[in-house]
Amino acid sequence: MDELRTDRLRLRRWQPDDEPAMATINRHPDVGRYLNRPVDEASVNAFYGVIVDHWETHGFGPWAVEHEGEFVGFAGPAHVPPFLAEAGPAPELGWRLHPDVWGLGLATEAATAARDDAFERLELPEIISIIHPQNTRSQRVATKLGLTRHRQIHNPALGISTDIWLGRA
């Protein structure tokens, strides 16, 4: 499957033109504030390759999200990075959109489509979301998706406890 559609969004496979736009999003201080690891130029530069490799290796991954024909970020499931293995084996449903489109309900819309695809097409029995405990915006999205705060784990990259939200098919 190469794309999903919602009323306002197109979720699709990644294209090379997405790399600089996603780097801009990842560099934005309001975005980086609540990520699960510090943002540096090496991680920004590696991000696109990691996403494309995940799709090639596993046949799924975070979708590139378009709104009104413009790339605005991503939403979708991916395997948890090794440094957060304590979160468990379930793929993480993540979302990250440019702050210019925050507050429009697009994160919820994109993550709902990605969640439904993960449960239906991929037949995943459960997903998690790893959310910084101060990220109230993502907590609201998770609640709207039907995820519940399940437990906390230690995030060694940040030196804090991070919330694990759980959703089941």
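Is Glu 66 buried or exposed?

1. In this predicted model, Glu 66 counts as buried, its relative accessibility being 12%. The cut-off that matters here is 20% relative accessible area, under which a residue is called buried.

2. The partner of Glu 66 in a salt bridge is Arg 12, with 2.5 Å between the closest N and O atoms. Because Arg 12 belongs to strand S2 (residues 9-12) and Glu 66 to strand S3, this pair ties together parts that lie 54 residues apart in sequence. Arg 12 is itself buried, at 3% relative accessibility.

3. Arg 12 also meets the side chain of Asp 18 in a salt bridge, at 2.8 Å from N to O, and Asp 18, like Arg 12, is buried. These residues are part of a network of salt bridges that links Glu 3, Arg 5, Arg 10, Arg 12, Asp 18 and Glu 66. The whole structure contains 13 salt bridges.

4. A salt bridge in another setting joins Arg 33 and Asp 30, whose closest N and O atoms are 2.4 Å apart. Here Arg 33 is partly exposed, at 48% relative accessibility, and Asp 30 is likewise partly exposed, with a relative accessible area of 32%.

5. Helix H4 has 15 residues and spans 21 Å from its first C-alpha to its last, which is close to the 21 Å expected.

6. Ser 129 lies in strand S6 and is buried, with a relative accessibility of 1%. A polar atom of the Ser 129 side chain lies 2.7 Å from the backbone oxygen of Leu 93. Leaving aside residues up to four places away in sequence, Ser 129 touches Glu 92, Leu 93, Trp 95, Leu 147, Asp 163, Ile 164 and Trp 165.

7. Two backbone angles deserve a separate remark, since most residues other than glycine have a negative phi. Glu 68 has a positive phi of about 55°; this residue sits in the loop between strand S3 (63-67) and strand S4 (70-78), and is exposed, with a relative accessible area of 70%. Glu 123 also has a positive phi of about 55°, and is found in the loop between helix H4 (106-120) and strand S6 (126-131), where Glu 123 is exposed at 64% relative accessibility.

Conventions. Residues are numbered from 1 along each chain as its sequence is written. This is a predicted model: local features need pLDDT of at least 70, side-chain atom pairs count only at pLDDT 80 or more; totals for chains, interfaces and linings use all residues. Side-chain values use heavy atoms; hydrogens and water are left out. Helices (H or I, at least four residues) and strands (E, at least two) are DSSP runs, numbered from the N terminus. Buried means under 20% relative accessible area, exposed over 50%, partly exposed in between (1.4 Å probe, protein chains only). The expected span of a helix is 1.5 Å times one less than its number of residues. A polar contact is a pair of N or O atoms within 3.5 Å; within protein, one must be able to donate a hydrogen and the other to accept it, and residues adjacent in sequence count only if both atoms are side-chain atoms. Contact means heavy atoms within 4.5 Å. A salt bridge is a side-chain nitrogen of Lys or Arg within 4 Å of a carboxyl oxygen of Asp or Glu.
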